[in-house]
Amino acid sequence: MKITDVTLTLFAWDDIPATSYGAHTGKFSGASKLGLLKIVTDQGLAGHAFLGSAFFPADSDGGSLIRVLKPLLLGQDPLQRERLYQAMWKRVRTTTVRSIGAVDVALWDIAGQAAGLPIHNLLGTYRDKVPAYMSSAVLASPAAYAEEALHYKAQSLVAYKIHPPQAWREDIRVCEAVRKAVGDDYLLMLDAAWSYDYPAALRVGLAAQELGYYWYEDPLADNDIYNYLELRRHLHIPIMATEYPAGGLDSFTPWVKERATDYLRGDVAVKGGITGLMKVAHLAEAFHLNFEVHHGGNSLNNVANLHVIMALKNTEFFEVLLPAESQKYGLVQDIVIDAQGMVHAPTGPGLGAQIDFALIERKKLAVLA
């Protein structure tokens, strides 16, 4: 089997509501562009992936995917994923990790179709369902967070994660209000999204710890290993880092070596696809660390993330980022949470997702080839 063509169809994502997850996204709304990557083979199989998100349009990465990665792929055997993965990483200075991730997801889609199996079966299935947790946007008040958390607790969601306003006094008030609303036994997490200096991170961490939060995510700048080490010396609440920077397996080495985080973290978009995610998850397992999979930025990335989760022992949850209108687009049927708050393994071959090709055709803006 050989790769005969690689294309990226850009299509419009309209009516995105005003949303923010912190300073790293700002407040975004209106329209963005997603890209449907298609890798075609000479045996009639085609692998797909989505590129882009509601706040990061696909044309920001798409040009380098076609210019740099397509020539590496044409004429190659799509089942030789590790060789192609290594070749793509050698070009990371001229393309992007998100582009590498999209290509890798599409190659796994081809492999699953060729085998007639879901990707998680090829990886080695560990489970067939996983509990979902809801992950907030930045909301207007402590009361708004408390109301949202109560709503999802009533729907049997196992946990709720806060993206706070990113002002430490207000963030503590949000944590207190949500804990008071949901009671002492409900799982809560705090994701500060790299917003604090060390003194503020310690103050908020002590408050979250006292309130019984389950983990404390990304309180400091993404590469601030020095202060992460100091923070861990003064807190016993588990700390989660390494979602960023975008990078390969070796970017995790100093975090593990220095014991600067209690969890490793990533998703197919920012860690180079399914291949990269599995490498990191197994690295974490070697040190008895959990690897929690981050939201993938678009609907098809989340399906790819879900396949990885189904093949891992050392992960607990599936993240659902709110609001849905800023996260779910381009599939006929998106991932479903059942009445018990669980997400189930895909069953179709490859990614097993039903892409809304009719919508993509209606909203098509350009084809990069």
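Colleague: What do the buried residues of H10 pack against?
Modeller: They pack against helix H2 (81-89), H3, helix H4 (119-123), E9, E10 and helix H11 (299-310). Contact here means heavy atoms within 4.5 Å. Buried means under 20% relative accessible area, exposed is over 50%, and partly exposed is in between (1.4 Å probe, protein chains only). Helices (H or I, at least four residues) and strands (E, at least two) are DSSP runs, numbered from the N terminus.

Colleague: Before we go on, what are the ground rules for this model?
Modeller: It is a predicted model, so local features need pLDDT of at least 70 and side-chain atom pairs count only at pLDDT 80 or more, while totals for chains, interfaces and linings use all residues. Residues are numbered from 1 along each chain as its sequence is written, and side-chain values use heavy atoms, with hydrogens and water left out.

Colleague: Back to H10. Which of its residues are buried?
Modeller: Gly273, Ile274, Thr275, Gly276, Leu277, Met278, Val280, Ala281 and Ala284.

Colleague: What follows H10?
Modeller: His288, with a positive phi near 55 degrees.

Colleague: And H3, how enclosed is that one?
Modeller: Of its 19 residues, 15 are buried, so H3 is largely enclosed by the rest of the structure. Gly116 follows H3, and its phi is positive, near 70 degrees.

Colleague: What does the Glu292 side chain reach, then?
Modeller: Two backbone nitrogens: that of Glu316 at 2.8 Å and that of Phe317 at 3.4 Å. A polar contact is a pair of N or O atoms within 3.5 Å; within protein, one must be able to donate a hydrogen and the other to accept it, and residues adjacent in sequence count only if both atoms are side-chain atoms.

Colleague: Which other residues does Glu292 touch?
Modeller: Leaving out residues up to four places away in sequence, its contacts include Trp215, Met240, Tyr263 and Thr315. Arg265 is also one of them.

Colleague: What does Arg265 pair with?
Modeller: Glu243, with the closest N and O atoms 4.0 Å apart. The pair links distant parts of the chain: Glu243 is in the loop between strand E8 (239-240) and H9, Arg265 is in strand E9, and they are 22 residues apart. Both Glu243 and Arg265 are buried.

Colleague: Which residues are in that salt-bridge network?
Modeller: Lys161, Asp191, Glu217, Glu243, Arg265 and Glu319.

Colleague: How many salt bridges does the count come to?
Modeller: 16. Another one joins Arg232 and Asp262, with the closest N and O atoms 2.6 Å apart. Arg232 is in helix H8 (residues 225-234), and Asp262 is in the loop between helix H9 (253-258) and strand E9 (263-266), 30 residues apart. Arg232 is partly exposed at 28% relative accessibility, and Asp262 is partly exposed at 24%.

Colleague: Now Asp77. Buried or exposed?
Modeller: Buried, at 18% relative accessibility. Asp77 lies in the loop between helix H1 (59-73) and H2. A polar atom of its side chain is 2.9 Å from the backbone nitrogen of Leu79.

Colleague: How far is Asp77 from Lys2?
Modeller: 4.6 Å in space, C-alpha to C-alpha, and 75 residues in sequence.

Colleague: Last one, the whole protein. How many helices and strands?
Modeller: 12 helices and 13 strands. Of the 369 residues, 57% count as buried.

Methods:
A salt bridge is a side-chain nitrogen of Lys or Arg within 4 Å of a carboxyl oxygen of Asp or Glu.
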